[in-house]
Amino acid sequence: MMGSTWTPRIRRGDCAPRQSPYQRLSQWMLDISGDRGVLKDIIREGAGELVTPDASVLVKYSGYLEHMDKPFDSNCLRKTRLMKLGEDITLWGMELGLLSMRRGELARFLFKPTYAYGTLGCPPLIPRDATVLFEIELLDFLDSAESDKFCALSSVQQDQFPLQKVLKVAATEREFGNYLFRQNRFYDAKVRYKRALLLLRRRSAPPEEQHLVEAAKLLVLLNLSFTYLKLERPTTALRYGEQALIIDRKNAKALFRCGQACLLMTEYQKARDFLVRAQKEQPFNHDINNELKKLASYYRDYTDKEKEMCHRMFAPCDNGSTGDGICPLIPIW
């Protein structure tokens, strides 16, 4: 497990005399640099495409020195963040290693000094000419370079590309938005979602492919509705939720978001209508049922306050009367 201790897996027949653990380990690792400067052993296979050169990666890693049980560097106990290749990744060996990985992959690498900390090392932590071992887990990666270049083009230029290209770029923008949302950076997430929506809205598609655009739009509209709820702008959240319902009028998530927005706006009847429709689509959805309970509680408090206010307005006066037994709204002097 990364961040703890590691024990090199030694195969039968590998235990040659006077070899260090890293030398024994290196004998059966894959050379991915061409000069045995970066060696790789896959612990768990990944899936999908390889990491692209301009990608931003989300990884967990631990780095070890030879003959040391605990890592000298690890982010396994820290909050992970996206790191861009060529900018945030400082070890050449790690960048080469990541370019050989797929989503979900867990691998072990040996980096020779040239691909790690060089001949000088990094005193006092890393000695001179140190070969280091890294265990790296690739959680996810996003390639924003392609997306940024495409979004910089005019609409006329974008129309020259096939629909699949537009859908891919829009999906990348949405994935970036999702990452930012998970980091509670709701304003930045909103910007990415809006870029994706703009791409999809201004792209015309033949009738047989329009459903692909609508499906992509639906996801972005739901994201925008939720994001504006987090930004405490329920009116805008409701607008995006209602646009999602134009695409899929029975979408439980869209109905739920609209109900949440109306509840924040104290439009209790509209909130109830949306939430009851959402419950009809997903009767056992925990979030929907809890929101209905919250609505009932809010509405009960609201009606209690209304009754109390009416009672105060129309209660008989204790000190005199205007003749009809009703306390006047305007004081009589």
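**Loops, helices and charged pairs in a predicted model**

His67 sits in the loop that runs between β4 and β5 (73–74), with helices (H or I, at least four residues) and strands (E, at least two) taken as DSSP runs numbered from the N terminus. His67 is not a glycine, yet its phi is positive, at about 70°. The residue is exposed, with a relative accessible area of 67%; exposed here means over 50% relative accessible area, buried under 20%, and partly exposed in between (1.4 Å probe, protein chains only). The model is a predicted one, in which local features need pLDDT of at least 70 and side-chain atom pairs count only at pLDDT 80 or more, while totals for chains, interfaces and linings use all residues. Residues are numbered from 1 along each chain as its sequence is written, and side-chain values use heavy atoms, with hydrogens and water left out.

Arg36 also has a positive phi, near 60°, in a residue other than glycine. Its place is the loop between β1 (30–31) and β2, and at 35% relative accessibility Arg36 counts as partly exposed.

As for the chain as a whole, it holds eleven helices and nine strands. Of its 333 residues, 41% are buried. Taking contacts (heavy atoms within 4.5 Å) with a separation of 6 or more, 63% come from residues 24 or more positions apart. The chain exposes about 19300 Å², and carbon and sulfur atoms supply 54% of that area; accessible areas come from the Shrake-Rupley method with a 1.4 Å probe, and for residues, only the protein chains shown count as cover.

In helix α2 (residues 92–99), the buried set is Gly93, Met94, Glu95, Gly97 and Leu98. Their cover includes β2 (38–44), β4 (56–65), β8 (106–111) and β9. Helix α3 (residues 144–151) buries Ser144, Ala145, Ser147 and Phe150. These residues of α3 pack against β6 (83–84), β9, α4 (155–158), α5 (163–182) and α6 (186–201).

Next come the charged side chains. Side chains of opposite charge can pair when their charged atoms come close. A search of the whole structure turns up 15 salt bridges, each being a side-chain nitrogen of Lys or Arg within 4 Å of a carboxyl oxygen of Asp or Glu. One of them joins Arg103 to Asp140, with the closest N and O atoms 2.6 Å apart. Arg103 lies in strand β7 (residues 102–103) and Asp140 in strand β9 (residues 132–142), so this pair ties together parts that are 37 residues apart in sequence. Both partners are partly exposed, Arg103 at 31% relative accessibility and Asp140 at 24%.

Arg185 and Asp188 form another salt bridge, their closest N and O atoms being 3.2 Å apart. Arg185 is partly exposed, with a relative accessible area of 41%, and Asp188 is partly exposed too, at 32%. Glu214 and Lys217 meet in a salt bridge at 3.1 Å, N to O. Glu214 is partly exposed at 23% relative accessible area, whereas Lys217 is buried at 16%. The two lie in helix α7 (residues 210–230), three residues apart, which is about one turn of the helix. Elsewhere, salt bridges that share partners link Asp148, Glu173, Arg192 and Arg195 into one network.

Lys194, Arg201, Arg233 and Arg239 form a positive surface patch. For such patches, residues must have over 30% relative accessible area and no salt bridge, with like charges joined within 9 Å and nonpolar side chains (Val, Leu, Ile, Met, Phe, Trp, Tyr) within 5 Å. Lys and Arg count as positive and Asp and Glu as negative, with His and the chain ends not counted; the place of a charge is NZ of Lys, CZ of Arg, CG of Asp or CD of Glu. Arg239 belongs to helix α8 (residues 234–247) and, at 40% relative accessibility, counts as partly exposed.

Finally, Gln282 is found in the loop between α10 (268–281) and α11 (286–314). Gln282 is partly exposed, with a relative accessible area of 36%. Leaving aside residues up to four places away in sequence, Gln282 touches Ala252 and Ile288.
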